[in-house]
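Subject: Structure handover and notes

Hello,

Please find the structure below. My notes follow it, grouped by region.

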Amino acid sequence: MSLFWIVIRQLAEIEAMQATSKKVITKEEWEKKLNDVKIKKEDMNKLVMNFLVTEGYVDAAEKFRFESGTEPDIDLATITDRMAVKKAVQCGNVEDAIEKVNDLNPEILDTNPQLFFHLQQQRLIELIRNGKVEEALEFAQEELAPRGEENPSFLEELERTVALLAFEDVANCPVKDLLDISQRLKTASEVNAAILTSQSHEKDPKLPSLLKMLIWAQNQLDEKAAYPRIKDLSTAKLEGPSI
């Protein structure tokens, strides 16, 4: 990302100057620095493909491969399987998700006890959500309690989940967040990351990390200079500097 490196270089230059007041960089100067940085189109295409593959946009990845000639670093067919697992968790079909994970690679859950516990915890949450109290208690006792005895952090999470059963009105329950859709999404994201890792692929796309680096670099430079900065990442429009 050219803008990120320009910010870093400019920050280094200003540090070297040891200026007592903020340096002012005009939009014309900034745009000239941008134009001086050359980035290969194929590198940008790889960045886009990495995002599409990691986030599971298989149709978009297929179309982008056809249009740009950029080859993904994993088999696109595996994306469909991975997204099926993710969707199952997001819909509350945890048993189906576990079966699908094992079909993909049994070692994923065998070698990741924390992930397996969280999937089982999500099963318990779904039983409670559906009002199956007796089944939930039995499941917690037989499947989750033994794991909680082996790991204190698991036990704490189990106790927090079982606490849902103590409240008739979960809207006022201190652990009501477990029944929120965000909990499903959190578990689905964890499964997605584990599958990607098993396929020797990054669990997170590179693009968001680069954007975070850009924000950090701009914040550092803000203390040293007035310059055109990106305020809205969705448009990447340069604004300022305001003096």
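Start with glutamate 29, which is found in helix 2. Helices here are DSSP runs of H or I with at least four residues, strands are E runs of at least two, and both are numbered from the N terminus. Glutamate 29 is partly exposed, at 41% relative accessibility. The cut-offs are these: buried is under 20% relative accessible area, exposed is over 50%, and partly exposed is in between, with a 1.4 Å probe and protein chains only. Glutamate 29 and tyrosine 227 are 198 residues apart in sequence, yet their C-alpha atoms are 9.3 Å apart in space.

A word on the basis. This is a predicted model, in which local features need pLDDT of at least 70 and side-chain atom pairs count only at pLDDT 80 or more, while totals for chains, interfaces and linings use all residues. Residues are numbered from 1 along each chain as its sequence is written, and side-chain values use heavy atoms, with hydrogens and water left out.

Aromatic pairs

The whole structure holds three aromatic pairs. Rings of Phe, Tyr and Trp (its six-membered ring) pair if their centres lie within 6.5 Å; planes under 30 degrees apart are stacked, over 60 edge-to-face, and the rest tilted. Tryptophan 30 lies in helix 2 (residues 27-36), and tyrosine 227 lies in the loop between strand 2 (225-226) and strand 3 (229-230). The pair therefore ties together parts that are 197 residues apart in sequence. Tryptophan 30 is buried, at 0% relative accessible area. Tyrosine 227 is buried too, at 4%.

The other pair is phenylalanine 117 with phenylalanine 154. The centres are 4.4 Å apart and the planes are at 5 degrees, so the pair is stacked. Phenylalanine 117 sits in helix 8 (residues 113-129) and phenylalanine 154 in helix 10 (residues 152-162), so parts 37 residues apart in sequence are tied together. Both phenylalanine 117 and phenylalanine 154 are buried.

Helix packing

Helix 8 also packs along helix 10: the axes come within 10 Å and cross at roughly 10 degrees. Axes are lines fitted to C-alpha atoms, for helices over the stretch in contact, and angles run from 0 to 180 degrees between N-to-C directions. Helix 8 and helix 10 are therefore roughly parallel. For that word, angles under 35 degrees count as roughly parallel, over 145 as roughly antiparallel, 65 to 115 as roughly perpendicular and the rest as oblique. Residues in the contact include Phe117, His118 and Gln121 of helix 8, and Phe154, Glu157 and Leu158 of helix 10. Contact means heavy atoms within 4.5 Å.

Among the contact residues are Leu115, His118 and Gln122 of helix 8, and Arg184, Thr187 and Val191 of helix 11. The crossing is left-handed. Left-handed means that the near helix is turned anticlockwise from the far one by less than a right angle, and right-handed means clockwise.

Helix 4 (residues 58-68) and helix 5 (residues 76-90) have axes that come within 9 Å and cross at roughly 165 degrees. They are therefore roughly antiparallel. Helix 4 passes helix 5 in a right-handed crossing. Val58, Ala61, Glu62 and Arg65 of helix 4 meet Leu76, Ile79 and Thr80 of helix 5.

Loops

Which is buried and which is exposed, histidine 201 or serine 200? Histidine 201 is buried, at 5% relative accessibility. Serine 200 is exposed, at 74%. Histidine 201 lies in the loop between helix 11 and helix 12 (206-222), and serine 200 is in the loop between helix 11 and helix 12 as well. Beyond its neighbours within four places in sequence, histidine 201 contacts Asn50, Val53, Thr54, Asp73, Ile74 and Leu196. Serine 200 has a positive phi, near 60 degrees, and is not a glycine.

Alanine 236 has a positive phi of about 60 degrees, again without being a glycine. Alanine 236 is in the loop between strand 3 and strand 4 (238-239). Its relative accessibility is 45%, so alanine 236 counts as partly exposed.

Cysteines

The disulfide count is zero, taking a disulfide as a pair of cysteine sulfur atoms within 2.5 Å. Cysteine 91 is partly exposed at 42% relative accessibility, whereas cysteine 173 is buried at 3%.

Best regards
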